[in-house]
Amino acid sequence: MGTQALSPDAVLDHALGDIQDHGRVQQGMQRLVDDLEVLRQRLPRSEWVDVCGSVCRRHPLLDVVHQDPLTALTYSRGSDRAPDSVFLSFAFDALEAELSLGRATDLGREICGFTRQSQVVLSARRRREVLAYLIDQLAASGRRPSVLAFGCGDLKEADLSHTVRTGGLSRFLALLETEAARRAIEASVGHLGVATGIATVHDWIEGHGVGHEQEFDLAYSAGPFDVLSPATAALLALALFRSLKPGGTLVVANLARGIREVGYAEAFMDWHTVYRDPREMFAVASRIPEAWIADRRSFAAEGGRVSFLVVRRT
């Protein structure tokens, strides 16, 4: 029987049998990911939301997949930690990943072997690698540019950037939404000369957020746009663009469609995203006056699963 004819409960039952009862963990996880994605695309949105919020929450498979520390940490992350941050801790921080895995069950470690190689984790990693590359490219001219990172999560790109690690920036301001997140960034990369502050999307749109009165050669944002509506995304992009010096560059990164684990992430990680393909990224710049724009482009990375918008100011 194909997934088109399966009920949500049947999809979960089959996966539970494979993973828990028959020891076919990798096959069971792959089938679960594929079947959930088919269900997500087939069902009306309201029904899919009910599957995530009700059916999956009461099914015994939830406790099984939450033996995987990556799935469990993302699901229970709380308001101070974005999913992107959890993904990156497993993609880049070998110590944190190993500590989490050391506390996991044998089954949890085997499931994590699958989820750590998922497209959603690899896409989060690639996004940070591209941002680090863009910072290094900006500094390649020989000057010491200033950089603003808005809603920067774990700021893994700072560790990846040669320019940041070697003190090649004149200023690097990282803005986060909570004091706990700010302290974590200060502890991890403060020694690299990264200054931190607290600012929300609303603060910057209203023109009174920390750092909004400063000017930068590069302003970028990765995680926040993943959850913003088109209208709010355009307003935030305008606010960030206003912070640029003449000739400065705005970079916005967003996960794109085509990530096969979206259904699994929404159902078992409580992770929901606004996806934007490269063409849709141009709408993010729709509130920026044309006279301010020298040029703009969009591109994709990680097999088309991450979109970038680059807009340069006149």
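One term before we start: when I say contact, I mean heavy atoms within 4.5 Å. And keep in mind that this is a predicted model.

Start with Tyr220. Set aside its neighbours within four places in sequence. What is Tyr220 in contact with? The list includes Leu131, Ile135, Leu155, Glu157, Phe172 and Val251. Val147, Leu148, Ala149 and Phe150 are on it too.

Now zoom out. The largest nonpolar core has 70 residues. Tyr220 is among the members that touch the most others.

Next, strand β1, residues 146-150. Buried or exposed? 5 of its 5 residues are buried, so β1 is largely enclosed by the rest of the structure. Look at the two faces. In a regular strand, side chains alternate between the two faces of the sheet. On one side of β1 sit Ser146, Leu148 and Phe150. On the other sit Val147 and Ala149. Both faces are covered.

Which strands does β1 join? One is β2, residues 171-176, through 5 bridges. β1 and β2 run parallel, and Leu148 stands opposite Leu173 in β2. Another is β4, residues 216-221, through 4 bridges. That pair runs parallel as well, with Phe150 opposite Ser221 in β4.

Notes:
Residues are numbered from 1 along each chain as its sequence is written. This is a predicted model: local features need pLDDT of at least 70, side-chain atom pairs count only at pLDDT 80 or more; totals for chains, interfaces and linings use all residues. Side-chain values use heavy atoms; hydrogens and water are left out. A nonpolar core is a set of buried Ala, Val, Leu, Ile, Met, Phe, Trp, Tyr and Cys residues joined through side-chain atoms within 4.5 Å. Buried means under 20% relative accessible area, exposed over 50%, partly exposed in between (1.4 Å probe, protein chains only). Helices (H or I, at least four residues) and strands (E, at least two) are DSSP runs, numbered from the N terminus. Two strands pair if DSSP finds at least two bridges between them.
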